[in-house]
Amino acid sequence: MTAGDSMVERFDGAVLLLPYKLRERARSVVRSDRVRAEEIRLRVGRPMSVLLPEGELTLGGEAVTARDLELLVEIATGASVHSSGQWLKDGFIPCRGGCRVGLCGSVYSSGGEVTGFNSFSSASIRIAREHRGIADAILPGLFRDGALASTLIVAPPGAGKTTLLRELVRRIASPSQSRPGLRVGLCDERGELAAMRGGVAGLDVGELTDVLDGCPKAQGALMLLRTMNPQVIAMDEITSPEDMAAINFARNCGVSLLATAHAGGLSDLLSRPLYRDVAGVFDNCVTVENRNGRRIINLQKGGAA
Amino acid sequence: MIRLLGAALVIGATGTMGALGVLSLRRRVRVLEGLIVSLQLMESEICSRMTPMREVLDMLSGSAPACVRGLFRRATEGMSALGRCSFYTIWKNAVAGSYELRLRPQEAELLTELGLCLGRYDVREQAEAIGRLRRRLELILRRAEAERDRDSRLHAFFGIASGIFAVIILL
């Protein structure tokens with residue numbers, strides 16, 4: 001199976017999350033666009049669209065209704081909102097195959113915390129992507145004296161942080177002729193990185209990777225440290241002080257780190273209070289930019305500062 | 001001799017009808033008990049283990065009391081249509097298709113209404129809906145038990161008595 005076939009298969013998998021009446025419309029997308037599709041987007045009162053690297057492609061046809069979004073949530077949760085409770089409160093539902101349904105609408109809250117959605121107004125089905133080879137250029141630079149230097153991937157949403165992280169994990173955890181593989185503990189809170197199903201990773205994350213999925217990152221990092229003796233801990237999207245605390249703790253235990261963070265760039269990241277300690281924790285910083293549909297990856301060595 | 005045989009057949013037939021009436025009353029009690037036990041299991045799975053609905057239904061179609069398994073089996077089979085129709089429709093069809101339960105309209109309606117809440121709301125709300133239905137079914141069960149205790153002998157007596165009466169008339 002070629003990489004293109006694999007992407008088409010992932011797109012078709014994402015289409016299965018749509019209500020029946022919208023599936024045919026989504027299946028009418030031409031193969032070249034299916035291969036490049038990053039998200040399927042639904043907004044109440046507007047036709048469905050597909051997000052391509054160069055922008056959104058409207059599919060036309062009937063406008064999406066609120067009922068369609070309710071059905072989408074029902075399909076994505078397997079009619080089991082209770083099983084996706086915490087995720088749903090955070091506005092997303094992890095699905096099979098590494099897809100993620102992000103939701104928007106009217107929320108209701110209690111005690112200052114979001115407890116659920118009253119109604120949905122839009123949704124985006126993010127399609128998990130595997131881009132073999134995208135880390136080739138930067139991979140050798142991530143090692144220092146044969147050991148992986150802790151690396152932070154910084155990029156704005158949708159630029160491809162998760163895809164790059166997955167590829168890095170796959171390469172690092174796979175033995176090659178030039179170097180042995182490293183044991184990677186992958187903390188996959190949203191189930192997007194490895195797409196675990198019945199104990200088997202749906203996306204290739206390397207031979208020596210142990211995946212802890214569905215677990216909050218901060219807790220997961222500590223669990224991996226205690227139980228799996230990792231050489232590297234990888235996690236997506238550092239977003240809270242708890243995540244930063246866990247990262248600091250792991251670093252002090254002598255484990256290398258691979259993580260991602262949302263930011264327009266490194267200076268943008270360091271201007272935020274949460275990430276002030278980042279410079280002392282990570283040795284390398286990788287930025288990802290999306291310019292006119294082309295992904296540009298830059299490695300900045302010798303400290304994230 | 002033929003008359004005697006005929007009389008035995010008539011009494012046997014009406015007696016069987018009486019016995020079927022008794023069995024039907026007992027069965028109704030068993031079905032209601034089965035539904036209550038299944039709802040308890042369902043509540044535990046949803047509230048304690050956050051088990052996805054498909055797995056809950058699959059588990060109940062194998063381990064619920066035998067007399068109510070058909071309902072959960074139909075619902076499990078119906079889950080493949082999720083997306084074409086809502087879970088409520090799947091559940092409603094499963095209840096409507098479970099003729100073997102011989103539910104009365106009010107009971108079927110109560111059970112169908114549960115589908116509006118199952119898998120749709122958070123744990124607390126689902127637990128409340130299941131608990132509410134269980135309490136209603138427990139009330140119905142108590143009435144069904146009283147009905148069984150009261151009417152079983154009546155069914156048996158009238159079954160045989162009507163046979164004897166018919167024989168007397170015919171002879």
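**Note on the predicted two-chain model**

1. The largest nonpolar core comprises 121 residues, and those with the most contacts inside it are L17(A), L72(A), V101(A), V169(A), I233(A) and A234(A). A nonpolar core here is a set of buried Ala, Val, Leu, Ile, Met, Phe, Trp, Tyr and Cys residues joined through C-beta atoms within 7 Å. A residue is buried if 20 or more other C-beta atoms lie within 10 Å of its own, exposed if 12 or fewer, and partly exposed in between, with C-beta atoms placed from the backbone. Domain 1 (3-126) and domain 2 (139-300) of chain A both contribute residues, so this core lies between them.

2. The model is predicted: local features need pLDDT of at least 70 and side-chain atom pairs count only at pLDDT 80 or more, while totals for chains, interfaces and linings use all residues. Residues are numbered from 1 along each chain as its sequence is written, and chains are lettered from A and ligands numbered from 1 in the order in which they are written.

3. The two domains of chain A, whose bounds come from an automatic or database domain assignment, have centres 26 Å apart, taken over C-alpha atoms. In domain 1 of chain A, 9 residues are in contact with 11 residues of domain 2 of chain A; contact requires C-beta atoms, placed from the backbone, within 7 Å. On the domain 1 side, these residues divide into 3 nonpolar, 2 polar and 4 charged. For this count, Ala, Val, Leu, Ile, Met, Phe, Trp, Tyr, Cys and Pro are nonpolar, Asp, Glu, Lys and Arg charged, and the others, Gly among them, polar.

4. One open sheet of chain A has 6 strands in the order β3-β2-β1-β6-β5-β4, with antiparallel pairing. Strands (E, at least two residues) and helices (H or I, at least four) are DSSP runs numbered from the N terminus, and two strands pair if DSSP finds at least two bridges between them. At the edges stand β3 (55-63) and β4 (92-94) of chain A, each pairing on one side only. Strand β2 (residues 47-52) of chain A pairs with β3(A) over 5 bridges in the antiparallel sense, and S49(A) has T58(A) as its bridge partner in β3(A).

5. A second open sheet of chain A has 7 strands in the order β13-β10-β14-β15-β9-β16-β17, and its pairing is mixed. Its edge strands, β13 (209-213) and β17 (294-300) of chain A, each have a single partner strand, so one side of each is left without a neighbour in the sheet. Helix α6 (residues 161-172) of chain A packs on this sheet, and its direction makes about 170° with that of β15(A); axes are lines fitted to C-alpha atoms, for helices over the stretch in contact, and angles run from 0 to 180 degrees between N-to-C directions.

6. Within that sheet, 5 of the 5 residues of β9(A) are buried, so this strand is largely enclosed by the rest of the structure. T151(A), I153(A) and A155(A) point one way from β9(A), whereas L152(A) and V154(A) point the other way. β9(A) pairs in the parallel sense with β15(A) over 5 bridges, and T151(A) stands opposite L258(A) in β15(A). With strand β16 (residues 284-291) of chain A, β9 (residues 151-155) of chain A pairs in the parallel sense over 4 bridges.

7. Between the chains, 13 residues of chain A are in contact with 16 residues of chain B. Helix α4 (residues 66-77) of chain A supplies the largest share of the chain A side, 3 residues. By class, that side has 6 nonpolar, 6 polar and 1 charged residues.

Methods:
Contact = placed C-beta atoms within 7 Å.
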